[in-house]
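Hi,

Here is the structure I said I would pass on. Have a look first, and my notes on the side-chain contacts follow below.

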Amino acid sequence: MRKQLIDFLRWLKNFLKEKFHSSNTKWTYIITAMLSTIVVILSIILFVKFTHGMMSELFESYDKAISSYIWTHKSSLLTDYMIVVTEIGDVMGYVVTFGLLIAIFWIVFKHWKYIAQLGLVLILALSSNVLLKEIINRSRPLGEHMVTVKTLSYPSGHAMVSMAFYGFLIYLIAYFKINKVLKTCLITVLVILILSIGISRIYLGVHYPSDVLGGYIAGIMWMTFCILIFNLIKIFRRDPET
């Protein structure tokens, strides 16, 4: 996927260079970046429209049905698991995880590029989630909350940040040249973690299923945006004409 994305961006750059015949090749990159930004803006518009749809009576009925189904599987063991994964998806969980990743990436790669990229993804996802919650202003579900919550409901910060952060980590792992079995195991664990974090918010009674789905969608948007920008930067730096 990474190779195909880079090949597409290079093709777009060369196409624009041929069309504009400009002596200043930086305009080619400016236009490419603008087109990329337009794609992201269109994605945001789709997210907003989808958000409005999720407030309908149809989605309310789905929220109730899915929540009820998940709650029928409650047990002490499962509750302990859900509390653990929801803590992993909280701010302190990311502080610990990010600290471990800093040590691992520094030992393995000996530079800060991937650490900086992961840090930027995390900061963007966290800050944008706070903003989206304030704009949409959806209250938490009524009923028992099995963990303490202080913010608004939609989109789920746990779902959004886990999808952006761990999703980008999956992207990096897929790119790394490591043992295929190890790579598959790591990606599988991270996928299960992302899904578990989202489900835990429903299980613990602090989010509607639509909050979690909206969070996943927003997280995918940020992850895709960051992958696009990082690859654009990589192409710019390798082009001797810039």
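First, a term you will need: a salt bridge is a side-chain nitrogen of Lys or Arg within 4 Å of a carboxyl oxygen of Asp or Glu. With that in hand, D63, R138 and D211 are linked in a salt-bridge network.

Some housekeeping before the details. This is a predicted model, so local features need pLDDT of at least 70 and side-chain atom pairs count only at pLDDT 80 or more, while totals for chains, interfaces and linings use all residues. Residues are numbered from 1 along each chain as its sequence is written, and side-chain values use heavy atoms, with hydrogens and water left out.

Salt bridges

The structure has 2 salt bridges. In one of them R138 meets D63, with the closest N and O atoms 3.4 Å apart. That pair links distant parts of the chain, since R138 sits in the loop between α6 (113-136) and α7 and D63 in helix α3 (residues 57-71), 75 residues apart. (Helices are DSSP runs of H or I, at least four residues, and strands are runs of E, at least two, numbered from the N terminus.) R138 also bridges to D211, where the closest N and O atoms are 2.8 Å apart. Here too distant parts of the chain are linked: D211 is in helix α9, 73 residues from R138.

Are these residues buried or exposed? R138 is buried, at 11% relative accessible area; the cut-offs are under 20% for buried, over 50% for exposed and partly exposed in between, with a 1.4 Å probe and protein chains only. D63 is buried as well, at 5%, and D211 is buried at 0%.

Aromatic rings

A search of the whole structure turns up 11 aromatic pairs. Rings of Phe, Tyr and Trp (its six-membered ring) pair if their centres lie within 6.5 Å; planes under 30 degrees apart count as stacked, over 60 as edge-to-face and the rest as tilted. One of the pairs is Y94 with Y166, which is tilted, at 5.7 Å centre to centre and 35° between the planes. Y94 belongs to helix α5 (residues 91-109) and Y166 to helix α7 (residues 157-175), so the pair ties together parts that are 72 residues apart in sequence. Both Y94 and Y166 are buried.

W222 and F225 also pair: their ring centres are 5.4 Å apart and their planes are at 75°, so this pair is edge-to-face. The two lie 3 residues apart in helix α9 (residues 209-238), about one helical turn. W222 is partly exposed at 23% relative accessible area, and F225 is partly exposed at 22%.

Then there is a cluster: F105, Y114, Y175 and F176 form one aromatic group.

Charge over a ring, and the surface

K74 lies over the face of Y203, 5.9 Å from the ring centre. For this, NZ of Lys or CZ of Arg has to be within 6 Å of the ring centre and within 35 degrees of the ring normal.

I104 is in helix α5 and is partly exposed, at 45%.

Best wishes
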